[in-house]
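Welcome, and please open the structure in your viewer. We will walk from stop to stop, selecting a few things at a time.

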Amino acid sequence: MHSRSLILVLGDQLSPSLSSLKAADPSRDRILMVEVAEEATTVRHHKKKIAFLFAAMHHFAKGLEDAGWQVDYVVLDDPENAGSFTGEIERAIRRHKPDRITVTEPGEWRVRAAMETWQDRFGLPVEILEDDRSLCTRDAFAAWAEGRKQLRMEYFYRDMRRQTGLLMEGDKPEGGKWNFDSENRKPAKADLFMPQPPRFAPDETTREVLALVAERFGEHFGDLEPFWFAVTAEQAEAALNHFVENLLAHFGDYQDAMLTDQRFLYHSVLSLYINAGLLDPLAVCRRVEAAYRAGRAPLNAAEGFIRQIIGWREYIRGIYWPKMPDYAEENFLGADRALPGFYWTGETDMACLRAAITQTKEEAYAHHIQRLMVTGNFAMLVGVDPAQVHEWYLAVYADAYEWVELPNVLGMSQFADGGLLGSKPYAASGNYINKMSDYCGTCRFDVKQKTGDGACPFNPLYWDFLVRNEKKLRGNPRLAQVYRTWDRMSAEKQAEYRNSAARVLDQLG
Ligand code: FAD
Ligand code: DLZ
Ligand code: SF4
């Protein structure tokens, strides 16, 4: 007789192709899905994110049942709910008396560490299967990284293009170049026509979840309604279709632009669906490639988009696992300031931060440049403790899971790993934000004014950051030119910058 498995499917594993399901037999094995308070409160997640995951979990469980699986779904308000994965596994073992536990590896080190205790704790074999939804296995990434002094995304990406065959002509890149970024990144004009992402009306199941989240997590950051996210694979597919048909063609051009009244611009708003498992990353890229080959999107757009997924997304995952758990503690610049309170309210006179944070509160979404060059840049310039920055990003975005959020925040945006991910800090003065957005036009501060009352705070903070961290950063060849500019300034000018920055920092408390 075959042994019976209890298969735990996590909230970000909502894919019928999941490795744990592939290996299983619906007539014999049982699936367990659990809503647990620990996952929602270890970091107090945005209300919309919790609602999205619980609603998507319910719909996924229903789909599995319709396909003949036996699913044991534990709701959050079950009076017996133990509140954690480990507690719920223990209860489920009592209910189902399985011969073993099967899981697809989780996306977070903390959860994997808990799972690794289960075999001894429960006296049952625990199988942790590889998550083959990612295109580069952990072993393959380790083999690629072996012996390299620097782990540059661009070289990793070329290998992923060769491996997947995406946008390849034989062994050459389509169009003769691997990367078309020089044609991308234009500032946007507010009168461009940008179709909004499709909005999905909540069905009865989702409405019940919304009521539960309002009651149990009312104190968490963020607006719960209006709630319009896709919660099924079919709806996520419709969102992908909308992107490919209506937005992809301009994706590259306006990738770095920011507009107060256009929260999504030509971005796909698909990361939350891909990360939860509702969309398959490779299938998404194949759709985009097909649109290019059919002449419906230019190469700079298709290549730029595909690079974000098979390049950045896979590379970030590759970095996360071998670096954990110590990575989460890294603080190369020794930053120790508390996260300013306005990150939780949006109440600040700085129009760029107000726009990015207000939109984060309302949508649980901000696009890459808002995350990197507005909220991330400001936190780094003022020297916020990277662990607090990490916790904020993990809590507030609907697409945030530690494996993808942590390297992006700690490495890319805060330079807290000392340059493993980026060759220099993404530090910028107000000039960059002004070039790429319409924020400065409505701001109380003057982006052109360098120092003194009324000057854009990013301007003195930029120089103060470089000087404060001079010992760690001056030797970086990519910063040689900016340090030369600082050295050429008069002592008086330098003092003005430092004094202005000190006043901004004082006001932050
Ligand atoms: P688009 O601009 O349409 O990009 C297409 C897709 O590419 C995204 O859906 C995503 O799957 C992928 N992608 C693009 N850039 C990255 C990247 N750097 N890392 C991984 N995938 C990428 N992304 C997350 O999925 N979760 C996070 O928690 C997260 N935190 C971030 C924190 C910071 C400080 C920064 C700078 C970036 C972060 N990113 C994160 C990456 C990126 O900002 C988001 O993936 C993107 O904004 C999601 O919106 P979109 O789907 O409209 O993306
Ligand atoms: C983020 C999250 C939340 C809020 N709640 C649950 C939950 O109740 N049940 C569940 O299975 N997963 C949840 N998740 C996603 C997990 O935190 C995620 O699977 C792990 O962090 C591994 O990436
Ligand atoms: Fe932001 Fe400075 Fe522009 Fe104001 S002036 S929106 S603070 S960059």
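Keep in mind as you look around that this is a predicted model.

**Stop one: a cysteine**

Select Cys 285. Is this residue buried or exposed? Its relative accessibility is 0%, so Cys 285 counts as buried. In general, a disulfide is a covalent bond between the sulfur atoms of two cysteines. A search of the whole structure finds zero of them.

**Stop two: ligand 1**

Zoom in on the oxygen atoms of ligand 1. One lies 2.7 Å from a polar side-chain atom of His 267. For Val 269 it is a backbone N or O atom that sits 2.7 Å from a ligand 1 oxygen. A polar side-chain atom of His 368 is 3.0 Å from an oxygen of this ligand. Taken on its own, ligand 1 has 810 Å² of accessible area, and the protein covers 99% of it.

**Stop three: an arginine in a helix**

Stay with helix α14 and pick out Arg 307 there. Arg 307 counts as buried, with 3% relative accessibility. Its side chain makes a polar contact of 3.3 Å with the side chain of Asn 179.

**Stop four: ligand 2**

Move on to ligand 2. Of the 17 residues around it, Asp 12, Val 34, Val 36, Glu 39 and Glu 108 come nearest. Show the backbone as well: a polar backbone atom of Gly 11 is 2.9 Å from an oxygen of ligand 2, and one of Val 34 is 2.7 Å from a nitrogen of the ligand. At Gly 107, a polar backbone atom is 3.3 Å from a ligand 2 oxygen. The protein covers 99% of the 490 Å² of accessible area that ligand 2 has on its own.

**Stop five: backbone details in the loops**

Most residues other than glycine have a negative phi, and most peptide bonds are trans. Here are some places to look for something else.

- Select Glu 225 and Pro 226: a cis peptide bond joins them, with omega about 0°. Pro 226 sits in the loop between α9 (204–216) and α10 (233–246).
- Then try Met 324 and Pro 325, joined by a cis peptide bond with omega about 5°. Pro 325 is in the loop between α14 and α15 (351–363).
- Lys 97 has a positive phi, near 45°. It lies in the loop between α4 (85–96) and β4 (100–104), and Lys 97 is exposed at 56% relative accessible area.
- Leu 265 also has a positive phi, about 45°. Leu 265 is in the loop between α11 (248–251) and α12, and is buried at 2% relative accessible area.

Notes
Residues are numbered from 1 along each chain as its sequence is written. Chains are lettered from A and ligands numbered from 1 in the order in which they are written. This is a predicted model: local features need pLDDT of at least 70, side-chain atom pairs count only at pLDDT 80 or more; totals for chains, interfaces and linings use all residues. Side-chain values use heavy atoms; hydrogens and water are left out. A disulfide is a pair of cysteine sulfur atoms within 2.5 Å. Buried means under 20% relative accessible area, exposed over 50%, partly exposed in between (1.4 Å probe, protein chains only). A polar contact is a pair of N or O atoms within 3.5 Å; within protein, one must be able to donate a hydrogen and the other to accept it, and residues adjacent in sequence count only if both atoms are side-chain atoms. Accessible areas come from the Shrake-Rupley method with a 1.4 Å probe; for residues, only the protein chains shown count as cover. Helices (H or I, at least four residues) and strands (E, at least two) are DSSP runs, numbered from the N terminus. A residue is near a molecule or strand if one of its heavy atoms lies within 4 Å of it.
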